[in-house]
Amino acid sequence: MSRIPTTVITGFLGAGKTTLIRHLIANAGGRRLALVINEFGDVGVDGDLVKGCNDAACPEEDIVELANGCICCTVADDFLPTMTRLLDRPNPPEHIIIETSGLALPKPLVKAFQWPDIRTRATVDGVIALIDADAVAAGRFAIDEAALAVARAADPSLDHDSPLEELFEDQLACADMVVLNKCDLVETGALAGIEAALAGETRAGVRIVRADHGVIDAAVLLGIGAGAEDDLDTRPSHHDGEEDHDHDDFDSFVVRGGDVADAAALADRLGTLIAAHDILRVKGMIAVAGKAARLVVQAVGPRIQHHFDRAWHPGEARASQLVVIGQKGMDRAAIEAGLAGVLG
């Protein structure tokens, strides 16, 4: 019996993984897909967005959410039972796509495919690392080795490796392909330099492809045939040798409210709070007064985007909720107080 190919899509917070998956669903080429979506936080925003596709290639019952936990930390408890249920179906999917949270290490997840119950029935077709070109161009996640060497020489006692850099490097080091997304936000002349910097963090032979808005041919991403679980030794990680790891460097919480009177005012307030409290990511659904559709809000660093997604379903409670993700030590009380005046 042939093993079901599985694509792992990793990438930092806000790189555009959900947008990419929505495009894959709409252009599946007749494949029956199943999605496993993992989020860091209590509210399943990404899963809800994907379910809104209502595509025959991936009906809602084939979308599984693993919320409020990093998939690489809950392999035995959450991921393996989920995979087993998918593989045990009378009519199993032809291809499985796993979207990890932006804080997940891909290597422990790939290693899980060596488990006896999974190994004979599924294989990691490829690990795709999605990178936000605009963020890298702004220097938020780029690695400047020369500057790092100068800083260490000036004060050898300092550790200049942040948790974000480790995650970024681990995701690149495990990848079979890198998708440089949001290229439309970066000057064309700068892209070659970004690609050269990324190539220094990837394994030999890994391709870097460009994309805007997550639009890339499914034939490029699906069918790589990497068998990634069989060459883990070539995929280095900062956490090699550790029995497990945690995400104590990060924190998340949900801010809830009612109808928002002014979406623009909410975006302005978010911008102020993000700058003041070094918030990494904000995402959620907003009820806007007088509007029949819900507003999707996505913020990555200083970049804030919002659009109306779909009408509120009959009987669905109109409510606003935002997931806030940042590094440990965020002033939650101040952030909640800052949003209280605009969240209704």
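Me: What should I know about the model before reading its features?
Reply: The model is predicted, so local features need pLDDT of at least 70 and side-chain atom pairs count only at pLDDT 80 or more, while totals for chains, interfaces and linings use all residues. Residues are numbered from 1 along each chain as its sequence is written, and side-chain values use heavy atoms, with hydrogens and water left out.

Me: Where is Thr6 found, and is Thr6 buried or exposed?
Reply: Helices (H or I, at least four residues) and strands (E, at least two) are DSSP runs, numbered from the N terminus. Buried means under 20% relative accessible area, exposed over 50%, and partly exposed in between (1.4 Å probe, protein chains only). Thr6 is in strand E1, residues 4-11. Thr6 counts as buried because its relative accessibility is 0%.

Me: Which residues does Thr6 touch?
Reply: A contact means heavy atoms within 4.5 Å. Leaving out residues up to four places away in sequence, Thr6 touches Met83, His95, Ile96, Ile98, Phe113, Ala122, Thr123, Val124, Asp125 and Gly126.

Me: Where is His95, and what does His95 touch?
Reply: His95 belongs to strand E4, residues 95-99. With a relative accessible area of 3%, His95 is buried. Its contacts, again not counting residues up to four places away in sequence, include Thr6, Arg32, Asp125 and Leu222.

Me: How far apart are the C-alpha atoms of Val254 and Val323?
Reply: They are separated by 4.5 Å, although the two residues are 69 residues apart along the chain. Val254 is part of strand E8, residues 250-257, and counts as buried at 9% relative accessibility.

Me: Which residues of helix H12 are buried, and where do they lie around the axis?
Reply: In H12, residues 332-340, the buried residues are Ile335, Gly338 and Leu339. They cover an arc of only 95 degrees around the axis, which puts them on the same side of H12. The arc is that of the directions from the helix axis to the C-beta atoms. The face turned away from the buried side carries the exposed residues Ala333, Ala337 and Ala340.

Me: How many salt bridges does a search of the whole structure find?
Reply: A salt bridge is a side-chain nitrogen of Lys or Arg within 4 Å of a carboxyl oxygen of Asp or Glu. The search finds 14 salt bridges. One of them joins the side chains of Arg119 and Asp230, at 2.8 Å from N to O. Arg119 lies in helix H5 (residues 116-119) and Asp230 in the loop between helix H10 (218-221) and E8, so the pair ties together parts 111 residues apart in sequence. Arg119 is partly exposed at 33% relative accessibility, and Asp230 is partly exposed at 47%.

Me: What about Asp132 and Lys182?
Reply: They form a salt bridge, with the closest N and O atoms 3.5 Å apart. This pair links distant parts of the chain, 50 residues apart: Asp132 is in strand E5 (residues 122-132) and Lys182 in the loop between strand E6 (177-181) and helix H9 (188-199). Both residues are buried.
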